[in-house]
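Hello,

Here is the structure I promised to hand over. Have a look at it first, and then read on for my notes on what turned up.

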Amino acid sequence: MSTTLISSDQSRSAAQPPFPFGPLLLAALPSSGPVAGGNTIQLLGLGLGGATSVLFGTTPATIVSQDVLGLTVTVVVPAHAAGVVPVTVTNASGTSNAVPYTYVGSPTPMPPTAVSINPATGPVIGGTPFVITGTHLSGGTVTFNGVPATVLGVDPTGTLLIGITPAGAATGNVPVVVTTAYGSATVPGGYTYV
C-alpha cells in the first residue's frame with residue numbers, strides 16, 4: 001500500500017514541467033563592462049532555454065549561444081550610456097525578472113593640484129630631495145622658476161611626487177609648477193633658495 005502511494009507520487013512529480021513559472025534570471029557574469037559594449041557575458045538562471053530576446057534596458061543584445069538545460073545564455077553586450085540597466089531574458093514561457101548590469105564609462109581626466117612642497121627651502125646649488133603633496137600628480141613634471149627638476153617618481157595614488165631640485169639662479173623665492181597632460185598647478189608658497 002505504501003509502495004503504491006510512493007510510486008503514484010513519483011509519477012505525479014515526473015509529469016510536472018520543471019519550470020512552469022517561466023524564465024528566472026539569477027545573475028549576469030561579469031555584471032559590468034564598457035559603455036562601448038561588444039564584450040561577451042553569460043546570463044545564469046533557470047528555464048532560460050529557447051531565449052528569443054535579451055534586453056539591456058530597452059536595447060537588444062546579440063545572443064551567441066544557450067545551453068540545452070536552460071541554465072545559461074551567452075550574449076554580446078550592446079552599447080549604452082554609463083549607468084546601471086536592467087537585463088531581462090524572454091522566451092516562449094515569458095519574460096524573466098531583471099538583474100542589474102553596470103556600464104562603466106572612462107574616468108574623466110583631472111588636472112593636478114598641489115598643496116605643499118617639503119622642504120620648502122634649500123641651497124641655491126640644487127640637489128635637494130623634495131616631496132610635493134597634491135592630487136592627480138601621476139606623469140607630472142616639475143619646474144622651479146621655469147627650470148626643470150628631476151622627478152624620481154609618483155606614488156600609486158598620485159598624491160605624492162618625489163624629485164630633486166635644480167640649481168637656482170640666485171637666492172630667493174621662486175614659483176614651483178607641476179604639469180601633467182591634463183593641466184598645471186602652482187605649489188602654494190613656492191620654494192626658497194638660500
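Predicted model: local features only at pLDDT ≥ 70, side-chain atom pairs only at ≥ 80, totals over all residues.

A word on naming before we start: strands here are DSSP runs of E with at least two residues, numbered from the N terminus.

Is His-136 buried, partly exposed or exposed? Partly exposed is the label for anything between the buried limit of under 20% relative accessible area and the exposed limit of over 50%. His-136 has 38% relative accessibility, so it counts as partly exposed. Asn-145 also has a positive phi, near 55°, and is likewise a residue other than glycine. You will find Asn-145 in the loop between β14 and β15 (147-148).

Next, the sheet that β13 belongs to. Four strands form an open sheet in the order β11-β13-β17-β16, with antiparallel pairing. At the edges are β11 (113-118) and β16 (150-154), each of which pairs on one side only. From one strand to the next, the twist averages 25°. Inside the sheet, β13 (residues 129-135) and β17 (residues 160-164) are joined in the antiparallel sense by five bridges.

Now to the nonpolar cores. The largest has 18 residues, and those with the most contacts inside it are Ile-41, Leu-43, Val-54, Phe-56, Val-75, Val-87 and Tyr-101. Several strands supply at least two residues each to this core, among them β1 (24-29), β3 (40-46) and β8 (83-91). A second, separate core of 16 residues includes Phe-130, Val-174, Ala-185 and Tyr-191.

Leaving aside residues up to four places away in sequence, its contacts include Ile-41, Val-75, Val-87 and Tyr-101, along with Pro-78, Pro-86 and His-80.

Finally, two cis peptide bonds to look up. One joins Leu-29 and Pro-30, with omega about -10°, and Pro-30 is found in the loop between β1 and β2 (32-34). Another joins Asn-118 and Pro-119, with omega about -5°; here the proline is in the loop between β11 and β12 (121-122).

Enjoy exploring, and write back with any questions.

Best wishes

Definitions and conventions: Residues numbered from 1 in each chain as written. Heavy atoms only, no water. Pairing = 2+ DSSP bridges. Axes fitted to C-alpha atoms, helices over the stretch in contact; angles between N-to-C directions. Core = buried A, V, L, I, M, F, W, Y, C linked by side-chain atoms within 4.5 Å. Buried < 20%, exposed > 50% of the residue type's maximum accessible area, 1.4 Å probe, protein only. Contact = heavy atoms within 4.5 Å.
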